[in-house]
Structure formats: structure tokens, C-alpha cells
Amino acid sequence: MSGQYEILCLENPLLDIQAVGDEKLLQKYGLKSNDAILAEEKHMGLYEDLFQNYKVDLNAGGAAQNTARGAQYVLPADSVVFVGCVGKDKYAEKLVEANKKVGLRAVYRYDEEQPTGRCGVIITGHDRSMCTDLAAANCYKVEHLKENWDLVKQAKIYFVGGYHLTVSVPAIMALAEEAAAENKVFMLSLSAPFIPQFFKDQLDQTSPYWDYVVGNETEARSFAASHDLNTEDIPTIAKHMANLPKKNTQRKRTVIITQGTEPTVIAIQGEDDVKSFPVHVIGKDEIADTTGAGDAFAGGFLAGMAKGESIEKCVDMGSWLAKLSIKELGPAYPFPKQTY
Ligand code: 26A
């Protein structure tokens with residue numbers, strides 16, 4: 001059975017440059033041990049530093065691209081397409097290779113000048129600090145999406161990584177409007193605490209279009225803080241988000257908040273009860289690397305949606321795929337392929 005590219009994902013294709021670091025390295029670049037940020041001028045030396053002085057792993061990354069690979073890993077061939085911008089270089093070739101491995105179709109725009117974006121991932125203990133130099137990924141424009149509008153028309157589910165709110169709000173809004181007009185599904189991830197904090201206005205432009213919104217507990221709390229909700233309680237925050245004004249009234253909004261090994265919280269627009277679902281347990285000795293666990297969760301969830309599964313099953317598929325990804329190095333999925 002072959003798919004119809006029913007899922008289209010948009011965000012920043014990045015190469016992860018990952019290494020086990022130390023406090024000294026974090027301090028040198030003013031990085032927090034557990035964070036995801038956009039690189040500023042003072043961070044630009046980090047990447048060379050990692051290559052010169054640490055043992056690095058190069059992994060295909062970019063949060064929504066990890067999600068897209070995850071969904072395609074689960075679904076029949078030709079189910080998922082990913083769009084974003086890369087450079088004409090070796091890094092882009094690595095991304096193409098990783099996508100090929102799971103059969104993900106990536107329709108990249110190749111920038112003539114900028115190199116492929118990179119994300120420095122510094123591991124210290126159980127923490128990871130991610131510092132992203134978007135480079136070519138920052139050059140994606142709504143025009144590029146319009147060049148591939150046939151793919152947009154073909155898809156039934158749009159997944160946008162919230163990190164793209166730093167790049168092209170018009171491209172995101174084009175997908176959001178199309179979803180509302182055609183009664184298709186628009187799903188957004190909150191991506192990182194800095195998105196609700198520093199890109200609040202951009203995020204709020206998209207909120208009336210959310211059919212599904214996914215994030216973890218720290219991102220949800222960052223949303224609550226920037227929206228003056230005066231609560232840190234995850235079910236309360238999820239319920240608030242579920243009941244924000246909605247453009248397409250033919251679909252109720254679903255809010256999904258993951259909490260690591262704690263149960264995943266689900267709030268549905270207009271419903272009093274906030275539900276929670278347990279995660280797939282993983283033994284400490286089975287954990288290889290948690291980078292991209294949240295992205296994998298979203299991938300499994302999306303695959304469930306494409307198959308028309310119940311919300312319970314979608315969450316369970318998300319948790320199952322997150323577990324598989326945690327057993328791998330970097331945001332990757334195991335081969336030979338496992339089936340749900
Ligand atoms: C704009 N920023 C900061 C980012 C990212 C990002 N993906 C897109 N845009 N910062 C980190 N990531 C990705 O998150 C994954 C782990 O969830 C990393 O590339 C990593 O693979």
C-alpha cells in the first residue's frame with residue numbers, strides 16, 4: 001500500500017552537531033544546561049570549538065523534520081512530505097541520506113549563498129543545550145511554499161514546527177488559512193519555551209487555526225507565563241489553550257502536553273474533563289539519547305491521525321515511537337523497522 005503524501009510538514013532542516021560537553025563549555029558561550037536558543041554573534045565559535053575539542057556526532061535534526069521522519073517511519077511509503085530550506089553542501093547531503101533511509105520525501109529549497117543550518121547540541125548529564133544557527137533555514141519564504149502548492153493541496157494534515165515562527169510567519173499562515181478553508185487539519189508544536197516567550201505575537205496569530213497543538217510541560221508553562229494565566233497547573237493551561245477562539249468551527253481543538261515520563265495531558269475544546277494517558281515505560285539502561293524524543297512523539301501521534309485512529313491510540317503511538325527514538329543516538333529510529 002502506498003500513501004498519498006497526506007501529511008505535509010514545514011520547518012527548519014538542520015544538521016545536529018552533538019557532543020558530550022562540560023560546564024566550562026556552557027559558561028564560555030553563556031548557555032544554560034537545558035535550553036534551545038537561536039545563536040547570536042557570540043555563539044558562532046561554538047561549532048568549530050565542538051569539532052576541534054570534543055568528540056562530535058553528526059545527526060539529521062530540525063525538530064519538525066525529525067517528526068516527519070518519524071511519521072513516515074510508521075506509515076506506508078509516500079505518506080509524508082517535508083519542506084524547508086538548506087544550502088548546497090555536504091550537510092544537506094547528510095539530511096537527504098537520513099530522509100531516504102525512512103523514505104521521507106523532502107522538497108528542499110536550495111539557497112545559493114547560505115550554508116545548511118546547524119544545531120550545536122551539548123550534552124551534560126541528563127541535560128542538553130541546543131544552539132541553532134539557522135543560516136539557509138532562515139531563507140524559506142511563502143513564495144517557496146507557493147511553488148509547491150500542489151503538494152499543499154494534496155495533503156490533508158499540515159504539521160508546522162513552532163520554531164518556524166522565527167523564520168516565516170507568512171508561510172505558516174498560508175498553511176493555516178488553507179486548512180481552515182478546506183477543513184483540513186492544522187497542527188502546531190510549541191517547540192521551545194522561548195517561542196511563547198519571545199515570539200508570542202507570532203504564535204498568537206496562529207492560535208485560532210490550531211486543530212491540534214503539542215508541547216511539553218515547560219513550553220506550556222512558558223505559554224501560561226507570557227499570557228498571564230497565573231497558573232503552572234498543566235491541566236488548567238491545556239484547558240485554557242483548548243478553549244481559545246477557533247477559526248474552523250467544524251473541528252474541536254485538541255491540546256496535547258507531554259511531561260517526560262509522567263502521563264500525557266489531553267484537553268479538548270468544550271470538554272470539562274482533562275484526560276491523561278500513561279507513557280510507555282523505558283528502563284534506565286535502555287536510554288541512549290533523549291534528543292528528539294518529543295519530536296518522535298509528535299511523529300507517532302501524526303501517523304495515528306493519518307490512519308484515523310482515536311485520540312487514545314494516537315497518544316499511545318506517539319509514546320511508543322518516542323521510546324524507540326530514545327533507544328537510538330540522536331533523533332533517529334531503529335532498523336530493522338519495528339511495527340506498532
Ligand atoms: C529555530 N530553532 C532554534 C530550531 C531548533 C531546532 N529545530 C528547528 N529550529 N533548535 C533545535 N532544534 C532541533 O530540535 C531537535 C530536538 O528536539 C534540533 O535540530 C534537534 O534535532
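Predicted model: local features only at pLDDT ≥ 70, side-chain atom pairs only at ≥ 80, totals over all residues.

Residues are numbered from 1 along each chain as its sequence is written, and side-chain values use heavy atoms, with hydrogens and water left out.

**Entry 1: ring pairs.** I found ten aromatic pairs in the structure. Rings of Phe, Tyr and Trp (its six-membered ring) pair if their centres lie within 6.5 Å; planes under 30 degrees apart are stacked, over 60 edge-to-face, and the rest tilted. I looked at Phe82 and Tyr108, which are edge-to-face, at 6.5 Å centre to centre with 85° between the planes. Phe82 is in strand E5 (residues 80-87) and Tyr108 in strand E6 (residues 105-111), so I was looking at a link between distant parts of the chain, 26 residues apart (strands are DSSP runs of at least two residues, numbered from the N terminus).

**Entry 2: Tyr108 again.** Tyr108 also pairs edge-to-face with Tyr110, with centres 6.1 Å apart and planes at 90°. Is Tyr108 buried or exposed? Tyr108 is buried at 11% relative accessible area, while Tyr110 is partly exposed at 37% (buried is under 20%, exposed over 50%, partly exposed in between, with a 1.4 Å probe and protein chains only).

**Entry 3: a cluster.** I saw Tyr73, Tyr333 and Phe335 joined by ring pairs.

Methods: Helix = DSSP H or I, 4+ residues; strand = E, 2+ residues; numbered from the N terminus.
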